[in-house]
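Please examine the sequence and the structure shown below before reading on. The paragraphs that follow lead through them step by step.

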Amino acid sequence: MGDILVINSGSSSLKFGLYGAPGDPSLASLALRYRGHFAGLGHGQGAARLTLVDGQGNSAQAPALQGLPGDLDHHDALQRLLDWISQAPDLADLSVVGHRVVHGGRHYQAPVRLDATIIDELAGLNSLAPLHQPYCLAPTRRLAERHPTLAQVACFDTAFHATQPQVARHYALPRELTERGLIRYGFHGLSYDYINRVMPEHLGGHPGGRAIVAHLGNGASLCAIQDGQSVASTMGFTAIEGLAMGTRSGSLDPGLVLHLIRQEGMSAEEVETMLYQRSGLRGVSGISGDMRELLASPALEARQAIDLYTYRITREIGSLAAAMGGLDHLIFTAGIGEHAAPVRDAICQGCDWLGLSLDPTANQRHATRISTADSRVGAWVIPTDEERMIAWYSAGMVAGGRG
Ligand SMILES: Nc1ncnc2c1ncn2[C@@H]1O[C@H](COP(=O)(O)OP(=O)(O)O)[C@@H](O)[C@H]1O
Ligand SMILES: CC(=O)OP(=O)(O)O
Ligand SMILES: [Mg+2]
């Protein structure tokens, strides 16, 4: 087998990972060769830039990827990436490209080998994840045109949640809507899948029991994992339900949306833009949707946005703990979960009643275990790796059938 390219494409970024062929079927045997992140793609995002590191995390240079024009778009970024891979003498041929595809809808509950029909079917879900799905699918079409024989695999954010019981999946809506697939799917599943698999090595043995994983990145959600399976999550039909996020509102009274349309005269597009791009931390603070900037800001509005963010997370932890009849472990991951100690501090303080006692010093230094030795609920920081999870599924798919 040759190398494995993983693409995680977002509305203004394209993240990628390049892995050597695995020596054995374990996640750890996939050797990361390069990891990169094109940011600022598309118009109005500022100058496009690339960060590239090698498998050891050291900054790397690739002449084919230098001198990027400021207005680089997704297509150009992908083309440059493929040119670099095909020209670099130390890189082998690609055997497969694995993609993060956010929404798998009703039909896809496991990774799938892509063809034109499946790509079209998945594009039918674009409106359910407008910040993600079209950007996830664009590179799949481009690659299919340019390299029709190259295997492509889609790995879905929704798949990990397929184990949830019906009560967790259904809305209290008329039955015919539920039957048409208007149900809670849940997202960030590749991240939860990865954390679920590596939890034993971080926690020193398989935790079993009842865990909540808090994936706090630009998007944010919580997942209740009981005995290794997703049983509930805060995101639902689309990636906007649940927690307040960087720029997304999270859950609202549906009557408020009706009010905006009827009384305020907003169009569906205007409401969508407001709820996905002008709400959350950005909307409440009026400053930024980026947690690092808010933590550094002395403004009262920044404080209020962070307070609302952590308050909502704490409440939802209570809800997921209730769904499992208690809580044994709380795990933080993704950009904010891994790096923002004050955010973890506020959330853990709010979980005191559940029997979680935070070790503030361990939290400050981002230790793996951040709860005290006698805490009934363990609190942990575990870095996620969606790209490795995608590489693993994709390698398995071309090697014969993992999925
Ligand atoms: N050192 C840090 N301290 C506080 N917040 C951080 C830090 N590093 C990253 N973040 C925050 O993490 C968020 C991005 O998370 P990430 O998981 O990288 O996002 P994405 O969803 O794009 O993958 C941003 O709000 C960013 O400010
Ligand atoms: C599904 C989702 O919200 O993804 P992200 O956090 O990458 O925006
Ligand atoms: Mg992310």
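How do the residues of the shell around ligand 1 divide into nonpolar, polar and charged? The model is a predicted one, and in it this shell holds 5 nonpolar, 6 polar and 2 charged residues. Altogether 13 residues surround ligand 1, and the closest are Gly217, Asn218, Arg292, Gly335 and His339. Two helices deserve attention here: helix H10 (291-296) and helix H12 (334-339) each contribute at least two residues to the shell around ligand 1. Helix H12 provides the largest share of that shell, namely 4 residues.

A second ligand may now be considered. Around ligand 2 stand Val102, His132, Asp157, Phe187, His188, Gly217, Asn218, Gly219 and Ala239. By residue class, the shell around ligand 2 consists of 3 nonpolar, 5 polar and 1 charged.

The next topic is the sheets. In general, the strands of a sheet pair through backbone hydrogen bonds, in either a parallel or an antiparallel manner. One open sheet in this model has 7 strands, arranged in the order S4-S3-S2-S1-S5-S7-S6 with mixed pairing. Its edges are formed by strand S4 (49-54) and strand S6 (112-113); each has a single partner strand, so one side of each lacks a neighbour in the sheet. Within this order, strand S5 (residues 94-101) and strand S7 (residues 151-156) pair in the parallel sense, over 6 bridges. His99 is found opposite Ala154 in S7. Helix H1 (residues 74-87) lies across strand S1 (3-9), strand S2 (14-19), strand S3 (32-39) and S5, and it runs at about 15 degrees to S2.

Strand S5 also contains Arg100. Is Arg100 buried or exposed? Arg100 is buried, because 23 other C-beta atoms lie within 10 Å, and a residue counts as buried at 20 or more. Leaving aside residues up to four places away in sequence, Arg100 touches Asn8, Cys136, Cys155, Asp157, Leu190, Glu386 and Ile390. In the UniProt record, an unreviewed entry, the feature "binding site" is placed at Arg100.

Another open sheet has 5 strands in the order S10-S9-S8-S11-S12, again with mixed pairing. Here strand S10 (229-233) and strand S12 (378-381) stand at the edges, and each has a single partner strand, so one side of each is left without a neighbour in the sheet. From one strand to the next, the twist averages 25 degrees. Strand S8 (residues 210-216) and strand S11 (residues 329-333) run parallel and are joined by 5 bridges. Ala211 faces His329 in S11, the two residues standing opposite each other. Helix H11 (residues 300-324) lies across S8, strand S9 (220-226), S10 and S11, at about 20 degrees to S9.

Where does Trp353 lie? Trp353 is in the loop between helix H13 (341-349) and helix H14 (360-364). Trp353 counts as exposed, because it has 9 C-beta neighbours inside 10 Å, and the limit for an exposed residue is 12 or fewer. Arg369 is 16 residues apart from Trp353 along the chain, and their C-alpha atoms are separated by 19 Å.

Note on methods:
Residues are numbered from 1 along each chain as its sequence is written. Chains are lettered from A and ligands numbered from 1 in the order in which they are written. This is a predicted model: local features need pLDDT of at least 70, side-chain atom pairs count only at pLDDT 80 or more; totals for chains, interfaces and linings use all residues. Two strands pair if DSSP finds at least two bridges between them. Two residues are in contact if their C-beta atoms, placed from the backbone, lie within 7 Å. Axes are lines fitted to C-alpha atoms, for helices over the stretch in contact, and angles run from 0 to 180 degrees between N-to-C directions. A residue is near a molecule or strand if its C-beta atom, placed from the backbone, lies within 6 Å of it. Ala, Val, Leu, Ile, Met, Phe, Trp, Tyr, Cys and Pro count as nonpolar, Asp, Glu, Lys and Arg as charged, and the others, Gly among them, as polar. UniProt positions are given in the numbering used here, feature names are shortened, and annotations may be inferred rather than shown by experiment.
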